[in-house]
Amino acid sequence: MNPFAPQAVNGINPTGDADYVDVDFTYVYDTVPPLALLEVRRDQTVPLNNDADFVLRAIHWTQPDVAMLGIFRVRFSDSQGYYLSNALILEGNISNQPYAPTPVMPEIVFPRGGAIGLDIQNTDPANPSLVQICFRGVKRYRITK
Amino acid sequence: MIRRADLDYRTPAGYVDDFFAYVYDADNLPDLGNYRDVPVTIEADSDFVLRKIDGMGTVLAAAPGTVRAGQFLLKDANGGRVSESERYAQIGPGIDTTAIVPERTYPRQGAIRFDLLNVQKQLYFTPGPPFLTVPAAQFIFTGVKRYAGSEKQSTYKYRLLPYSYTIRFFIDWDVYAYIAGVPAGRSPAQQFYIPVNDLDFELWGLVDEGAPIGAGPPASHAKLQLYDSARRQRFSNPVLVDYFAYNSPLSVGNAIAPPILYPVGSQIKFDLYSMMFTTEPAFPLEREWTFFGAQRVPIGNGRG
């Protein structure tokens, strides 16, 4: 063990039920087409695959186009439609750094075939907004015995 | 309460892990292209356990002023996608270091495959005529090589004592070798040795400092190949120093895990490949490197 190394580099022991195996996975949401000036999109969904439940553990975002840097707000919901915040959260309050994403604690389990929900709003009156949000976590596969 | 020992990683029984990084040099990828299923072949001696990826911004469009960032998509050992769509690189000074949690195993002789969209390599260049460039574009896949076998136990009881080996040197050779003023290929590496002459030493990482001290590392001024005490390479290709140095401003989490053990009497050997031009104002560049870690100090009856 190297005390200078982050836990991920030292290695993290497998967790969870022995009947399951967790595999690193990321679901991605892109605002395509880009959000127009002051546009609001409600009830957006990120559909989940049917092969495994998804355990959401962290979120980060980026704006990949320097011509579309409109400031945005976003609110997430779980697979039952329960919001995870009382209002839309300003982009600066969620990490835009992949090396230090905003943790989702405790983790949220989304059933296979479900969806991650979100509302997103471009609050910028002058610039469109192209946003990519990465939902980092694991796919949880059942081990057939 | 969670105890420290509960967090310590337990390598599966019957295996031994060695720190290793597969380094993909994108020097020969033409810019502005899209590339699918780019392979990095896993060597035949062991499986590879991937824990961290770096360097996205050096290969993909990401520099300030870039209109649209490039995108990256990692594949698993079977070629399956590990995200639903391609992830964008960060534009500007963002750090693209990405942890892979849980770790992902690639079997020996398999390949780490990935897609690249909108390649735009990072280039270093001369500040004036003759306007030469050299690509500095790499993906660094950090993790461990997992060998069948059992951990060699120390033959003596010890405690760890923080310890460092420091070396000061100049990078005083050009990235290119020239014939009649025209680049005729990359300059060869220069080799450095640090004798481990006191006690067994665990290497945990490298701090790269320069003159003036405190200036920190400039954008990777060199590539490094590190060897263990058995002279085995710990990178598949020489790595840009900024993606290995602990104090790098461009990547995070750079440390050697598990540590590399250098027994007393062995040497920390490394090769340096210059990434500088003699026409740069900073040339020749003085560096001071600190290889930090811990000595194994015998306790009790000492050795044996």
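User: Which residues does B:Leu203 touch, not counting residues up to four places away in sequence?
Analyst: This is a predicted model. In it, B:Leu203 touches B:Ile256, B:Pro259, B:Ile260, B:Tyr262, B:Ile268, B:Phe291 and B:Gly293, leaving out residues up to four places away in sequence.

User: And what about the largest nonpolar core, how many residues has it?
Analyst: That core has 72 residues. B:Leu203 is among those with the most contacts inside it, along with B:Ala21, B:Leu60, B:Phe141, B:Leu224 and B:Val239. Strand E1 of chain B, residues 15-25, contributes the largest share, 6 residues.

User: Where does it lie relative to the domains of chain B?
Analyst: Between domain 1 (11-148) and domain 2 (158-298), because both give residues to it. As background, nonpolar side chains in soluble globular proteins tend to be buried together.

User: Switching to B:Phe48. Buried or exposed?
Analyst: B:Phe48 is buried, because 27 other C-beta atoms lie within 10 Å and the cut-off for buried is 20 or more. The residue is found in strand E3 of chain B, residues 47-54.

User: What is B:Phe48 in contact with, leaving aside neighbours within four places in sequence?
Analyst: B:Phe20, B:Tyr22, B:Ile42, B:Tyr106, B:Gly143 and B:Lys145.

User: What separates the C-alpha atoms of B:Phe48 and B:Tyr246?
Analyst: 22 Å, with the two residues 198 apart along the chain.

User: OK, chain A. What elements are there?
Analyst: Chain A has 1 helix and 8 strands. From the N terminus on, the order is α-β-β-β-β-β-β-β-β.

User: What box do its C-alpha atoms fill, and what share of chain A is buried?
Analyst: Along the principal axes, the box is roughly 55 × 40 × 25 Å. Of the 145 residues of chain A, 37% count as buried. For contacts in chain A between residues at least 6 apart in sequence, 85% join residues at least 24 apart.

User: Now the interface. How many residues of chain A are in contact with chain B?
Analyst: 31 residues of chain A, in contact with 40 residues of chain B. On the chain A side, helix H1 (7-10), strand E1 (20-30) and strand E8 (132-142) each supply at least two residues.

User: Which element of chain A gives the most?
Analyst: E1(A), with 7 residues.

User: And how do the residues on that side divide into nonpolar, polar and charged?
Analyst: The side of chain A that touches chain B has 18 nonpolar, 9 polar and 4 charged residues.

Conventions: Residues are numbered from 1 along each chain as its sequence is written. Chains are lettered from A and ligands numbered from 1 in the order in which they are written. This is a predicted model: local features need pLDDT of at least 70, side-chain atom pairs count only at pLDDT 80 or more; totals for chains, interfaces and linings use all residues. A nonpolar core is a set of buried Ala, Val, Leu, Ile, Met, Phe, Trp, Tyr and Cys residues joined through C-beta atoms within 7 Å. A residue is buried if 20 or more other C-beta atoms lie within 10 Å of its own, exposed if 12 or fewer, and partly exposed in between; C-beta atoms are placed from the backbone. Helices (H or I, at least four residues) and strands (E, at least two) are DSSP runs, numbered from the N terminus. Domain bounds come from an automatic or database domain assignment. Two residues are in contact if their C-beta atoms, placed from the backbone, lie within 7 Å. Ala, Val, Leu, Ile, Met, Phe, Trp, Tyr, Cys and Pro count as nonpolar, Asp, Glu, Lys and Arg as charged, and the others, Gly among them, as polar.
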